[in-house]
Amino acid sequence: MAKFLVQKSEPLYGEVHVSGAKNSVLPLMAAAILNDEKCRIYEVPRLLDVTVMEEILMSLGGKIDFQEDGTLDIDMSGMNSTEVGFDLASKMRASFLVMGPLLAKKGHVKLFMPGGCTIGARPVDLHLKGFEALGAEIDRKSDSFVEAKAGPHGLIGASIYLDFPSVGATENIMMAAVLADGVTYIENAAEEPEIVDLANFLNKMGASIKGAGTDTIKIEGVKELKGTAHTVIPDRIETGTFMLAAAITRGEILIKNIVPDHVRAIAAKLRECGVVVELTDEGLYVNGGMNPLVATDIKTLPYPGFPTDIQSPFMSFLTTVEGSSTVIETVFENRFMHVAELNRMGANIRTKGNRAMIQGGKNLEGARVLATDLRAGAAMVLAGLVASGTTEISEIYHVERGYEDFVEKFRSLGANILRIED
């Protein structure tokens, strides 16, 4: 098993280029199922999750060509299956995103229940209720897989209200609805930038989607879609991670290939702490060593609120800032598993329900810790950069699911980090 070895580093300094967004490229890849021509996606990050989605599409009969420059060609014209087996589905939560496109394109899908990070219950009920509203018949007799079939006349447009603005459910229902007969409204829809990116991609393919990025999305069904080319948006969570890398090490980093609006909530909270965050012609400039830093409170919310995926890296930063702070997690109920790991390094964090109380200003010490999930792994690396001694982080496959060239980018900024095979 591979591990990260992280040693206390000088303040990080330099420039870093943000990769394409993992959480955007996976639904874009799934959406390629909806047409019989080739789709080309630029700025695709080389990640384990992307590899798994490639394998899923190939298992369905698709052809994949991933070029060295990050250009991904997908041709689903030879698709000959509508079933995704356990071995592939269990590797990644986003495997469920092929359900909507398969249902719309082929009228049938059988999918084993997806895997992914263990950060709490992420039920697929909202996805299935949406498909049922579109006229699909859902077989839930088994706990291990779900099967769906469109009605004899295909999917029919409907008004769908989501009990929670789920990103995955919004994406899946939107992809199912683009080929449905009639108009579909998704109310209380997720507003994340990844939703907008998917809608733009689908519209380039010939779909008719309006309102993406708001809480109500209107989809007018069309008969068919065509191939297209599209550049994936930059990864806002990677952007936030490097913003926090500058903050926690009291360093100075210029982050390139960013969309400022996508990280507005992160920037606002860092500024509250005294971190300098400025937009320049070249990118986002972050300096954590210019001012005395103070504690702040954060509360995770659906976009445009503070992102849950940055909660654990931000908590690592707060352990190093004098004063008391509170973190409230409202999106996932099991996203404090990193707290025990940070406390093992000398942090003083107490949790009660969905709240974490942090007494900051502690001198962290290197320890053997786990990357309990993707973003917790990044949090452990950030803590290791300012901890005395060596921090040994295991289970790093979580991190490599979501960050491209993770070690290389950090080392280019002066971080003392190595990836070793145990």
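Glu392 counts as buried at 18% relative accessibility (buried is under 20% relative accessible area, exposed over 50%, partly exposed in between, with a 1.4 Å probe and protein chains only). This is a predicted model, where local features need pLDDT of at least 70, side-chain atom pairs count only at pLDDT 80 or more, and totals for chains, interfaces and linings use all residues. Residues are numbered from 1 along each chain as its sequence is written, and side-chain values use heavy atoms, leaving out hydrogens and water.

**Salt bridges**

- The count comes to 18 salt bridges, each a side-chain nitrogen of Lys or Arg within 4 Å of a carboxyl oxygen of Asp or Glu.
- Glu392 pairs with Arg368, their closest N and O atoms being 3.8 Å apart.
- Glu392 sits in strand S23 (residues 390–394) and Arg368 in strand S22 (residues 368–370), so the bridge ties together parts 24 residues apart in sequence; strands are DSSP runs of E, at least two residues, and helices runs of H or I, at least four, numbered from the N terminus.
- Arg368 is exposed, at 66%, and shared partners join Lys3, Arg368 and Glu392 into one network.
- Arg264 bridges to Asp261 with closest N and O atoms 2.5 Å apart; Arg264 is exposed at 54%, while Asp261 is partly exposed at 44%.

**Helix packing**

- Helix H8 (residues 236–248) and helix H10 (residues 311–318) have axes that come within 10 Å and cross at roughly 5°.
- That makes H8 roughly parallel to H10 (angles under 35 degrees count as roughly parallel, over 145 as roughly antiparallel, 65 to 115 as roughly perpendicular, the rest as oblique).

Note on methods
Axes are lines fitted to C-alpha atoms, for helices over the stretch in contact, and angles run from 0 to 180 degrees between N-to-C directions.
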